[in-house]
Amino acid sequence: MDDSIFLIKEKKDFKKDFSLLASMMDYARLTTIQEVENLSVEELDYRVHEEANSIGMLLAHFDAVEKIYQKLTFEDVSDEEVDRYADSLEPALSLGKAAEVIKGKEAGEYLVQLSGTRDRTYSKFKELPEEWLYEETDWWYGKKGNNFFKWFHVFEDEINHRGQIRMIKKIFRKEKETVE
């Protein structure tokens, strides 16, 4: 574990405000990795009921969310292009019944995918001026949003779903105890 994981501070190669954002993103990701890195495929694919998400589905979702935010914030693209790209990220982006096809992968496969996507995010963060974080666009509910908020939402979504991962793990283990 990085000695500075509990410090939100400037990081090498990042401008100050990007450092703060990356510090928070790193902590959120570390705690996700700790929750899933040693899980079996059976645990990753387990669903509490047929309408529920599995841990693997949620990991694929984290990756899809980050990729769509890369498209939304790093590229000057039309709504139609974003929609087409979002379609290519399904079913992981929206989850639901269609995402039940996301299964059969080892934890390491999900983690490699997440790492590659995060590397692309951080590479771009290192290139951008800090003012970019504060650029405002029309966002949700007729309100403005800035890029700082949008990237906060990426890891906030992960933290939210990590709560589901913890719950799924507990239910899986309790169910296994009952069966044995």
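The structure is a predicted model, in which local features need pLDDT of at least 70, side-chain atom pairs count only at pLDDT 80 or more, and totals for chains, interfaces and linings use all residues. Residues are numbered from 1 along each chain as its sequence is written, and side-chain values use heavy atoms, leaving out hydrogens and water. Helices (H or I, at least four residues) and strands (E, at least two) are DSSP runs, numbered from the N terminus.

**Two helices side by side**
- The axes of H3 (residues 55-74) and H5 (residues 107-127) come within 10 Å and cross at roughly 20°.
- That crossing makes H3 roughly parallel to H5; angles under 35 degrees count as roughly parallel, over 145 as roughly antiparallel, 65 to 115 as roughly perpendicular and the rest as oblique.
- Axes are lines fitted to C-alpha atoms, for helices over the stretch in contact, and angles run from 0 to 180 degrees between N-to-C directions.
- Residues in contact (heavy atoms within 4.5 Å) include Leu59, Phe62 and Phe74 in H3, and Tyr110, Leu114 and Phe125 in H5.
- The residues of this contact divide into seven nonpolar, five polar and six charged. Here Ala, Val, Leu, Ile, Met, Phe, Trp, Tyr, Cys and Pro count as nonpolar, Asp, Glu, Lys and Arg as charged, and the others, Gly among them, as polar.

**Aromatic pairs**
- There are 18 aromatic pairs: rings of Phe, Tyr and Trp (its six-membered ring) pair if their centres lie within 6.5 Å, with planes under 30 degrees apart counted as stacked, over 60 as edge-to-face and the rest as tilted.
- One of them is Phe14 with Tyr122, edge-to-face at 5.2 Å centre to centre and 85° between the planes.
- Phe14 lies in the segment before H1 and Tyr122 in H5, so this pair ties together parts that are 108 residues apart in sequence.
- Phe14 is buried at 11% relative accessible area; buried means under 20%, exposed over 50%, and partly exposed in between (1.4 Å probe, protein chains only).
- Tyr122 is also buried, at 11%.

- Most residues other than glycine have a negative phi, and most peptide bonds are trans.
- Asp13, in the segment before H1 (16-36), has a positive phi near 75° and is exposed at 52%.
- Tyr141 has a positive phi near 55°, sits in the loop between S1 (136-138) and S2 (144-146), and is exposed at 77%.
- The peptide bond from Glu90 to Pro91 is cis, with omega near 5°, and Pro91 is in the loop between H4 (79-88) and H5.
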